[in-house]
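Thank you all for coming; I would like to take a few minutes to walk through one structure, starting with a single chain and then turning to a sheet. Please have a look at it first.

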Amino acid sequence: MNVLVCVKRVPLTGGKIVLTDDERAISTRHLGFTVSPHEECGAEEAVRLIEQHGGSSTVLTLGPPEAEEQLRDMMALGIDRAVHLVTDGSNEWDPQATATAIVEAIEAQPDPPDLILFGNESADAGNYQVAIRVAHKLGLPVVTGVKGITIENDLSVRLEQEVPGGRDVYVVPMPAVVTVKEGLNLPRYPSVPGRLRAKRKPLETSTPDRPQPKLEMVKLTLPPGSGKQTEVLGNGAEAAPAVVDVLSELGLV
Amino acid sequence: MILVFAERSDDELFRQALAFAHGLRDDVRAVGIDDSGGYSPDGCGAALARLVSEREPRAVLAPGTDRGNEVLAHVAAMLDLPMAANCTSATLGEPLTLTRVRWGGSLLEEARLHGSPALLTVAPHAVTAVDESADVELVPAATDARVRVSERVETVTAGVSLADADVVVSGGRGVGSAEGFAVIEELAELLGAAVGCSRAVTSAGWRPHTDQVGQTGTKISPSLYIACGISGATQHMAGCKGAKKLMAINPDNEASIFASADYAVIGDLHEVVPAISAEIRKTRGAG
């Protein structure tokens, strides 16, 4: 089978977000980059499915030239090949434009994927819709928020979605689009040989045109701070009585 | 007219979506999809898309729940319209302007939406809910859906569930190992609390993902949250910003979690947490 997983390069934000001067992006001068957590599980699942059932896995991203780093990271996990839709990185692509570019790239693949995996939502923009748009454009079924994937036979896949109080089960024919959530699996750490192999794996690039956005970001702002007054209860074990006083006030002790 | 999709998995979030709609226009109609044959995301989306074509609303809203976002995205894909997820405010106009959350609420985006009707989901807890639910008109789901829930597997959870717990005690990277959680579990048991953790902990495999508090884990809103050895990355804070009181225990007095804390203890959790547990036992014994 062929599995394709879509990922997005996002900054590794720490405790405090700082914006660029034009207020249209996060200042990344002191930050590293990663893929969204849900997507890392998607890539791990793609590798496991191919280990189990045979075939080929592909990672796809739409992003600036630097996003090659994330494609190589995913190939270090065991993904076989990569497709990079290269953007100039200066302007965001809205969900509709992103979905259109991904669909064109998928349709150009020599071997059409049986399973197309996405993260349930990206860590940064969180628009919750690219995968669903891709599915409609390709005429494929789509299930979201999946935390369990079982290939039933060559024709269908069983998908489990966490809901309050349990799991909802869907069985859909392949090819299908699936969005996954972190917790689906525990992604492996890439090995050193894996990293070396990733450097030589095939990576194909194209440069799609960016249409005018219909959801147009104007600027980013930081939400107002909590405005909380922090009461320091003490240092080390000596703070315990003061902590218990607070717990008593809250009716817990 | 503003159409509100009555996704009822969380009644308060549905009533918040109604309040958001009333902020845009007086004429608000709530529509639910009858999915008694089993929930179908594309079936709900198709039913809603048909209503949109028939009634020509100015905007279609849904609560920013998993299913609210999912169904509205199907509508957006079917009608090839732009959609903005998790909005905190919006103003009708040409184009419509809106503010929405990014990074699980750690950042806000101001945006313009070019398309009509506007498709928006409402970020949880961005507006105060209306007191009374509206009358909900029920329409049938589309019958030609491709995807439908075939089975519900109930899960039995032992003890206090993380999402509903009144008190949560969490450990972060500072706990150091899976075994290190013994002190966290001990304090949680004394307080009748649920145990949580940060993403660093689940990524290291020390705790299952079901224990993760964060943007990609469980979102909690306890009356007290005790965060031990957690630095306070945006990923984590997105999961615990609903806590009414936050107590942070961390050896680094520069840790960003202290900026959001009501109570701070500067110190190593492996010394502080057992001392708190001992003090609780002493106090209770004396009482």
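Chain B comes to 7 helices and 14 strands, where helices (H or I, at least four residues) and strands (E, at least two) are DSSP runs numbered from the N terminus. This is a predicted model, in which local features need pLDDT of at least 70 and side-chain atom pairs count only at pLDDT 80 or more, while totals for chains, interfaces and linings use all residues. Residues are numbered from 1 along each chain as its sequence is written, and chains are lettered from A and ligands numbered from 1 in the order in which they are written.

Along the principal axes, the C-alpha atoms of chain B fill a box of roughly 70 × 40 × 40 Å.

Now to the sheet, in which 10 strands form an open arrangement with mixed pairing, in the order 11(A)-5(A)-4(A)-1(A)-6(A)-10(A)-7(A)-8(A)-9(A)-9(B); two strands pair if DSSP finds at least two bridges between them. Strand 11 (203-206) of chain A and strand 9 (151-154) of chain B stand at the edges, each with a single partner strand, so one side of each is left without a neighbour in the sheet.

Where do the two chains meet in this sheet? Strand 9 (residues 166-173) of chain A pairs with strand 9 of chain B in the antiparallel sense, over 4 bridges, and A:Arg167 stands opposite B:Val153 in strand 9 of chain B.
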